[in-house]
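Keep the picture open while you read, and look up each residue as it comes along.

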Amino acid sequence: MNKTVINLRLADLRRAKHITQNELTEAIGTSFQNISKWENK
């Protein structure tokens with residue numbers, strides 16, 4: 001699985017669960033910028 005597939009999968013799963021990027025950052029202990037970067041690469 002390449003990075004692009006993982007990035008798209010992360011965004012799809014987050015949206016399917018109706019979780020915002022901010023909610024995900026709190027759940028996994030990272031920054032909003034990291035989530036945004038991971039999803040948009």
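## Charges

Let's start with charge: the chain has 7 positive and 4 negative charges, and their mean positions sit 9 Å apart. In this count Lys and Arg are positive, Asp and Glu are negative, and His and the chain ends are left out. Each charge is placed at NZ of Lys, CZ of Arg, CG of Asp or CD of Glu.

Before going on, know that this is a predicted model, where local features need pLDDT of at least 70, side-chain atom pairs count only at pLDDT 80 or more, and totals for chains, interfaces and linings use all residues. Residues are numbered from 1 along each chain as its sequence is written, and side-chain values use heavy atoms, with hydrogens and water left out.

## The overall build

What does the secondary structure come to? The chain has three helices and zero strands, in the order α-α-α from the N terminus. (Helices are DSSP runs of H or I with at least four residues, strands are runs of E with at least two, and both are numbered from the N terminus.) The C-alpha trace spans about 25 × 20 × 15 Å along its principal axes.

Of the 41 residues in the chain, 20% are buried. Buried means under 20% relative accessible area, exposed means over 50%, and partly exposed is in between, using a 1.4 Å probe and protein chains only. The accessible surface comes to about 3,300 Å², and carbon and sulfur atoms own 55% of that. Such areas come from the Shrake-Rupley method with a 1.4 Å probe, and for residues only the protein chains shown count as cover.

## A nonpolar patch

M1, V5 and I6 make a nonpolar surface patch of about 330 Å². Patches take residues with over 30% relative accessible area and no salt bridge; nonpolar side chains (Val, Leu, Ile, Met, Phe, Trp, Tyr) are joined within 5 Å, and like charges within 9 Å. V5 belongs to helix α1, residues 3-16, and is partly exposed at 40% relative accessible area.

Which side chains meet in a salt bridge? Those of E39 and R14 do, at 2.7 Å from N to O. E39 lies in helix α3 and R14 in helix α1, so the pair ties together parts that are 25 residues apart in sequence. A salt bridge here is a side-chain nitrogen of Lys or Arg within 4 Å of a carboxyl oxygen of Asp or Glu, and the count comes to one.

As for the general idea, side chains of opposite charge can pair when their charged atoms come close. E39 is buried, with 8% relative accessibility, and R14 is buried with 12%.

## Two asparagines

N7 lies in helix α1 and is buried at 10% relative accessibility. A polar atom of the N7 side chain is 3.1 Å from the backbone oxygen of W38.

N34 lies in helix α3 and is partly exposed, at 23% relative accessibility. From C-alpha to C-alpha, N34 and N7 are 11 Å apart in space, while in sequence they are 27 residues apart.

Terms used:
Polar contact = N/O pair within 3.5 Å; in protein donor to acceptor, adjacent residues only side chain to side chain.
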